[in-house]
Amino acid sequence: LSYGIHAEDGLSSITHSWNGTNTTLYDSSLVLFMNFDNRSELGENDTFVRDLSLYGNNGTVVGGENITWGNYGKYGGSYNFSGNKAYINITDSDGLTNNYTAMTWSFWAKRLAYQANEAYLDKYTTTNGFREWKVFATGGTTISLVASSNGSTGISHTSKAGCNVDTSWTFITVVYNGSHVLYYKNGIYCDIDNTPLTQIYN
């Protein structure tokens, strides 16, 4: 499906109806939405990435020559991270955690090489190093979630072999449903980790 939407006065929600079923694609529950298309009309450039959610969690490109943008993504643009300490930084925002009892992370990624414990999405405290949450590739490239429910201890939630980012574009979704963590690859369920998780600490 392809959508073209022009909203000069702002946009609060998008709902798609298919065979009598309504699916909300965009509303206040979406706290981060980046397209990585480097669109100048949105104010984006080589160092600034716009968050298209309602919350303005905009990002700053960090890493110099170790991170480059190009029109070679799955759909439009993407960033290539080719070295250590290359990332897109978002100023600390309660909206990206806020003691959630449910949360979903989705992203397109393509792995050119494997580096142990490489993070795809990550929110952590710089003062003590205890991560609130991190979606990353563990040994063997499988996707895992480390999350803290108390701000002092991180618990690993690991998926099985096959729940991984491939060398071709892969759509990964990680769902924390209030008690467990589920993993999806290209829209297909691939695993669940039943390690209890009561909340994600802010």
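E3 and E4 (residues 59–62) run antiparallel and are joined by 2 bridges. Within this arrangement, Phe48 stands opposite Thr60 in E4.

## Basis of the model

This is a predicted model, in which local features need pLDDT of at least 70 and side-chain atom pairs count only at pLDDT 80 or more, while totals for chains, interfaces and linings use all residues. Residues are numbered from 1 along each chain as its sequence is written, and side-chain values use heavy atoms, with hydrogens and water left out.

## Overall architecture

The protein chain has 15 strands and 0 helices. Of its 202 residues, 33% count as buried, that is, under 20% relative accessible area, with exposed meaning over 50% and partly exposed lying in between (1.4 Å probe, protein chains only). The chain exposes about 11,700 Å², of which carbon and sulfur atoms supply 49%; accessible areas come from the Shrake-Rupley method with a 1.4 Å probe, and for residues only the protein chains shown count as cover.

Among contacts with a separation of 6 or more, 44% involve residues 24 or more positions apart, a contact being heavy atoms within 4.5 Å.

## Nonpolar cores

The largest nonpolar core has 19 residues, and those with the most contacts inside it are Trp105, Val135, Ile143, Leu145, Val174, Tyr183 and Ile200. Such a core is a set of buried Ala, Val, Leu, Ile, Met, Phe, Trp, Tyr and Cys residues joined through side-chain atoms within 4.5 Å. Two or more residues each are given to this core by E8 (103–109), E10 (131–137), E11 (143–148), E13 (170–176) and E14 (181–185). E8 provides the largest share, 4 residues.

Val174 touches Met103, Thr104, Trp105, Val135, Ile143, Leu145, Val181, Leu182 and Tyr183, not counting residues up to four places away in sequence. A second, separate core of 7 residues includes Val49, Ile67, Tyr79 and Ala86.

## Disulfide

The whole structure contains 1 disulfide, defined as a pair of cysteine sulfur atoms within 2.5 Å. Cys163 and Cys190 form this disulfide, with their sulfur atoms 2.1 Å apart. The pair links distant parts of the chain, 27 residues apart: Cys163 lies in the loop between E12 (154–158) and E13, and Cys190 in E15 (residues 188–193). Cys163 is buried at a relative accessible area of 1%, and Cys190 also counts as buried, at 13%.

## Loop residues

Asn57 lies in the loop between E3 and E4 and is buried, with a relative accessible area of 6%. Its side chain reaches the backbone oxygen of Val31 at 2.8 Å. Leaving aside neighbours within four places in sequence, Asn57 is in contact with Val31, Leu32, Met34, Asp51, Ile90, Ser93 and Leu96.

The loop between E2 (21–26) and E3 holds Phe36, a residue other than glycine whose phi is positive, near 55°. Phe36 is partly exposed, with a relative accessible area of 29%. Asn38 is also placed in the loop between E2 and E3; although it is not a glycine, Asn38 has a positive phi of about 55°. Asn38 is buried, at a relative accessible area of 18%.

Technical notes. Two strands pair if DSSP finds at least two bridges between them. A polar contact is a pair of N or O atoms within 3.5 Å; within protein, one must be able to donate a hydrogen and the other to accept it, and residues adjacent in sequence count only if both atoms are side-chain atoms.
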